[in-house]
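Reader: Could you walk me through this structure and tell me what lies behind the labels you use?
Author: Gladly, let us take them one at a time.

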Amino acid sequence: LLPGTYRGRLTVGDFRINGGQHLESENELTLAAGTESTVELRFVLRRLVVRLRDRDGTSPLARARVSWSHGYDSKEAATDADGVLVLEPAPRGEISIFLQTEVDGRPRGELLGKVAVPEGAKSHEAELRRGAEGGH
């Protein structure tokens, strides 16, 4: 390996059909030129449950087409009948969630907000409301 900082990435699920889901290691490895190192990689399975609501704050965005992005990775999904989106495994760090709509017959992604599983936690629940562009 070239000198630099590395983080392990594990692909779980059927990567041949849908690209699988990715888990990033909790720890990093930094290599200097001419050195050798051994590292034990630690992976944590995180779960993020996001309740998506319409502008009124109470109506669920039921069976809505959504996409979410994290760094260079993005995926599409649909909420259930209660407007709930479950990401498991959920990536480390902040995730942007978009409602997929059409305007004048063209696809459009409307940012609903950004959420994250708090550092050190394995699961988290959040709610995003259309038009609020926030999250809690």
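Predicted model: local features only at pLDDT ≥ 70, side-chain atom pairs only at ≥ 80, totals over all residues.

Reader: What makes β4 and β5 a pair?

Author: Two strands pair if at least two bridges are found between them. Strand β4 (residues 65-70) and β5 have six bridges, in the antiparallel sense, so they qualify as paired.

Reader: Which sheet do these strands belong to, and what is the strand order?

Author: They lie in an open sheet of four strands, ordered β5-β4-β7-β8, with antiparallel pairing. From one strand to the next, the twist averages 30°.

Reader: Why are β5 and β8 called edge strands?

Author: β5 (73-78) and β8 each have a single partner strand, so one side of each is left without a neighbour in the sheet.

Reader: How do you know that β7 and β8 are paired?

Author: The cut-off is at least two bridges, and β7 and strand β8 (residues 106-115) have nine, in the antiparallel sense. So these strands count as paired as well. In β8, Pro107 is the residue opposite Glu102. The two strands form a hairpin with two residues between them, where Asp104 takes a positive phi near 55°.

Reader: Why is Thr101 called buried?

Author: Buried means under 20% relative accessible area. Thr101 has 16%, so the label buried applies. This residue is found in strand β7 (residues 95-103).

Reader: Which residues are in contact with Thr101, leaving aside its neighbours within four places in sequence?

Author: Those contacts are Arg106, Pro107, Arg108 and Arg130. To count, heavy atoms must be within 4.5 Å.

Reader: Why does Phe43 count as partly exposed?

Author: Partly exposed is the range between buried, under 20%, and exposed, over 50%. Phe43 has 30% relative accessibility, so this residue falls in that range. Its place is in the loop between β2 (21-31) and β3.

Reader: What is the strand order in the open sheet of three strands?

Author: That order is β6-β3-β9, and the pairing is mixed. β6 (84-87) and β9 (123-129) stand at the edges: each has a single partner strand, so one side of each lacks a neighbour in the sheet. Neighbouring strands here are turned by 20° against each other on average, direction ignored.

Reader: What makes β3 and β9 a pair, and in which sense do they run?

Author: Seven bridges join strand β3 (residues 47-53) to β9, and the two run parallel. With at least two bridges needed, they therefore count as a pair. One of the bridges has Arg53 with Arg129 in β9 as its partner.

Reader: How many helices and strands does the protein chain have?

Author: The chain has one helix and nine strands. Along the sequence they follow the pattern β-α-β-β-β-β-β-β-β-β.

Reader: What share of the protein chain is buried?

Author: Of its 136 residues, 33% are buried. The accessible surface comes to about 8,700 Å², and 47% of that belongs to carbon and sulfur atoms. Along its principal axes, the C-alpha trace spans about 60 × 30 × 25 Å.

Terms used
Residues numbered from 1 in each chain as written. Heavy atoms only, no water. Axes fitted to C-alpha atoms, helices over the stretch in contact; angles between N-to-C directions. Buried < 20%, exposed > 50% of the residue type's maximum accessible area, 1.4 Å probe, protein only. Areas by Shrake-Rupley, 256 points an atom, 1.4 Å probe, with all protein chains shown as cover.
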